[in-house]
Amino acid sequence: TMDYGLRTMDCLYAMFDTSLSYSARALALGGAYLAVSDDASAVNINPAGLSQLENVEFTGTYTPFYDTKAYSQFFSFATPFGYNTFAASFARIGIANIYNEDIYSIGYSRILKENLFIGLAIKILGVNASGYSKYNDPAYSGGKTAMSYDIGYLNHINKWLTVGAKLENINEPKIKLLSSSDGEKLDSKFKVGMKFTVRGNIF
């Protein structure tokens, strides 16, 4: 069961790559959601998008993966204060009683101009594999955490075009579960998305 579950997760995500589990809209729009990011899930997708919120917002999802013990869950809260918006979130992807990856995030966004926003997210990444403990793997060194940082940008260039970008894992943290390994380095990633609005439809 353990081997099957871990292979299932490898097919779905790289380590801490849970972006598709944050919201149904993000899943539907794929990478283009970087340029949308207009709800509380923006803290983990593009923190600059938090500036588009006009009211306090809470969002949450829970997704079981097919007929397995694999699942993801996400909860986020965001509140605007004038030109500033603050947010906090928790995301988890895992296999029940075997393995889980957690992301605790605090986000901040600010309006620079009427249609130009920047944002920052500070993340605590946690990984734990209770399955290793269950099977008494001597190399398992217990759950570990690391800190990471994202910055985001969002610009409504005109009424038809919006561009969003994010630099993820700026500090390229390293995290590991086994004392016998060098750990998994989380490379920094630069992501860009564009939104075209034609007659009220988003592309």
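This report walks through confidence, strand pairing, salt bridges and a surface patch in a predicted model.

Residues are numbered from 1 along each chain as its sequence is written, and side-chain values use heavy atoms, leaving out hydrogens and water. Since this is a prediction, local features need pLDDT of at least 70 and side-chain atom pairs count only at pLDDT 80 or more, while totals for chains, interfaces and linings use all residues.

On confidence (pLDDT, the predictor's confidence in each residue, from 0 to 100), the protein has a mean of 82, with 80% of its residues at 70 or more. Residues 1-13 stay under 50, and the model gives them 19 contacts beyond four places in sequence; a contact means heavy atoms within 4.5 Å. Where pLDDT is low, the predicted coordinates should not be read in detail.

Now the strands (DSSP runs of E, at least two residues; helices are H or I runs of at least four, and both are numbered from the N terminus). E1 (57-64) and E2 (residues 70-81) pair in the antiparallel sense over eight bridges; pairing takes at least two DSSP bridges between two strands. Thr-59 sits opposite Ser-76 in E2. Five residues separate the strands of this hairpin, and Tyr-66 takes a positive phi near 55° there. Ser-51 is buried at 8% relative accessible area (buried is under 20%, exposed over 50%, partly exposed in between, with a 1.4 Å probe and protein chains only). Beyond four places in sequence, its contacts include Thr-85, Arg-110 and Phe-117.

The structure holds seven salt bridges, each a side-chain nitrogen of Lys or Arg within 4 Å of a carboxyl oxygen of Asp or Glu. Here are some of them:

| Pair | Closest N to O |
|---|---|
| Arg-92 and Asp-102 | 2.5 Å |
| Lys-191 and Glu-168 | 3.4 Å |

Arg-92 is in strand E3 and Asp-102 in strand E4, so their bridge ties together parts ten residues apart in sequence. Arg-92 is partly exposed at 24%, whereas Asp-102 is buried at 7%. Lys-191 and Glu-168 also belong to a salt-bridge network with Lys-123, Asp-150 and Lys-166.

Finally, a nonpolar surface patch with about 760 Å² of accessible area together takes in residues including Tyr-104, Leu-120, Met-147 and Ile-151. Strands E4, E5 and E6 each give two or more residues to the patch. Ile-151, found in E6, is partly exposed at 39%. Patch members have over 30% relative accessible area and no salt bridge; nonpolar side chains (Val, Leu, Ile, Met, Phe, Trp, Tyr) are joined within 5 Å, like charges within 9 Å. Areas come from the Shrake-Rupley method with a 1.4 Å probe, and for residues only the protein chains shown count as cover.
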